[in-house]
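Hello,

Here is the structure I promised to pass on to you. Have a look at it first, and then read my notes below.

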Amino acid sequence: MWRCPKCRSSVDDSFGVCWSCGTTPDGIEDPNFVIADEADPIPSEEASEGTDVDDPLADFAGTPLPDLVACYTASDAAEARFIADELMEQGIPAIPDKLDVDSLVGMYGSGAKVRVRQDDLLRAQAWLKAYEDRRKSRQRIMPGT
Ligand SMILES: [Zn+2]
């Protein structure tokens with residue numbers, strides 16, 4: 001055990017320099033010594049990837065779409081996607097039907113459903129009612145084609 005001539009810390013003999021300030025027993029300061037607190041923090045691996053991704057569809061991940069119910073039947077896939085986007089903006093996770101076969105849906109005119117969770121159905125329907133009202137009033141205003 002030796003005592004640092006600079007900062008008076010007790011240093012174990014196994015250390016060649018003071019653990020606190022980097023000074024040798026001879027009083028020579030190490031210009032390269034970095035105090036632990038000032039060194040760059042060791043990056044933590046799990047801190048980098050965000051676990052709180054603000055994705056309303058995250059709840060669906062990894063599960064076979066539990067309790068999804070159709071809340072609306074759009075005239076085509078484009079409208080279904082539009083409505084799903086609008087619902088998402090309301091904080092309601094929504095999935096439009098047939099994302100991969102837009103053309104087929106349009107071709108057969110079967111309509112594309114928008115699906116939401118059972119828990120969100122009432123909220124979605126409330127929004128959709130307002131949406132339909134807006135759409136109807138807009139159609140009334142526009143000259144018929
Ligand atoms: Zn020291």
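**What I found**

Ile-28 is found in the loop between strand 2 and helix 1 (45–48); helices (H or I, at least four residues) and strands (E, at least two) are DSSP runs, numbered from the N terminus. Ile-28 is exposed, with 12 other C-beta atoms within 10 Å. A residue counts as buried if 20 or more other C-beta atoms lie within 10 Å of its own, exposed if 12 or fewer, and partly exposed in between, with C-beta atoms placed from the backbone. From C-alpha to C-alpha, Ile-28 and Pro-5 are 9.0 Å apart in space, while in sequence they are 23 residues apart.

Before going further, please note that this is a predicted model: local features need pLDDT of at least 70, side-chain atom pairs count only at pLDDT 80 or more, and totals for chains, interfaces and linings use all residues. Residues are numbered from 1 along each chain as its sequence is written.

The pLDDT, which is the predictor's confidence in each residue from 0 to 100, averages 76 over the chain, and 64% of the residues score at least 70. Confidence is highest in strand 1, at 94, and lowest in helix 3 (residues 102–108), at a mean of 48.

Now for the overall layout. The chain has four helices and five strands, and along the sequence they follow the pattern β-β-α-β-α-β-α-β-α. Of the 145 residues in the chain, 19% are buried.

Three of the strands form an open sheet in the order 3-5-4, with antiparallel pairing; two strands pair if DSSP finds at least two bridges between them. Strand 3 (68–74) and strand 4 (94–96) are at the edges with a single partner strand each, so one side of each has no neighbour in the sheet. On average, neighbouring strands of this sheet are turned by 25° against each other, direction ignored. Strand 4 pairs with strand 5 (residues 112–117) in the antiparallel sense over three bridges, and Ile-95 has Arg-115 in strand 5 as its bridge partner.

Helix 2 (residues 77–89) packs on the sheet and touches strand 3, strand 4 and strand 5; its direction makes about 170° with that of strand 4. Axes here are lines fitted to C-alpha atoms, for helices over the stretch in contact, and angles run from 0 to 180 degrees between N-to-C directions. Two residues are in contact if their C-beta atoms, placed from the backbone, lie within 7 Å. Phe-82 lies in helix 2 and is partly exposed, with 15 other C-beta atoms within 10 Å.

Which residues have the most contacts inside the largest nonpolar core? They are Ala-84, Leu-87, Ala-94, Val-114, Val-116 and Ala-124, in a core of 15 residues. Such a core is a set of buried Ala, Val, Leu, Ile, Met, Phe, Trp, Tyr and Cys residues joined through C-beta atoms within 7 Å. Strand 3, helix 2, strand 4, strand 5 and helix 4 (121–141) each give two or more residues to this core, and helix 2 supplies the largest share, five residues. Leaving aside neighbours within four places in sequence, the contacts of Val-114 include Ala-70, Tyr-72, Ala-84 and Ala-94.

Arg-8 has a positive phi of about 70° although it is not a glycine.

Best wishes
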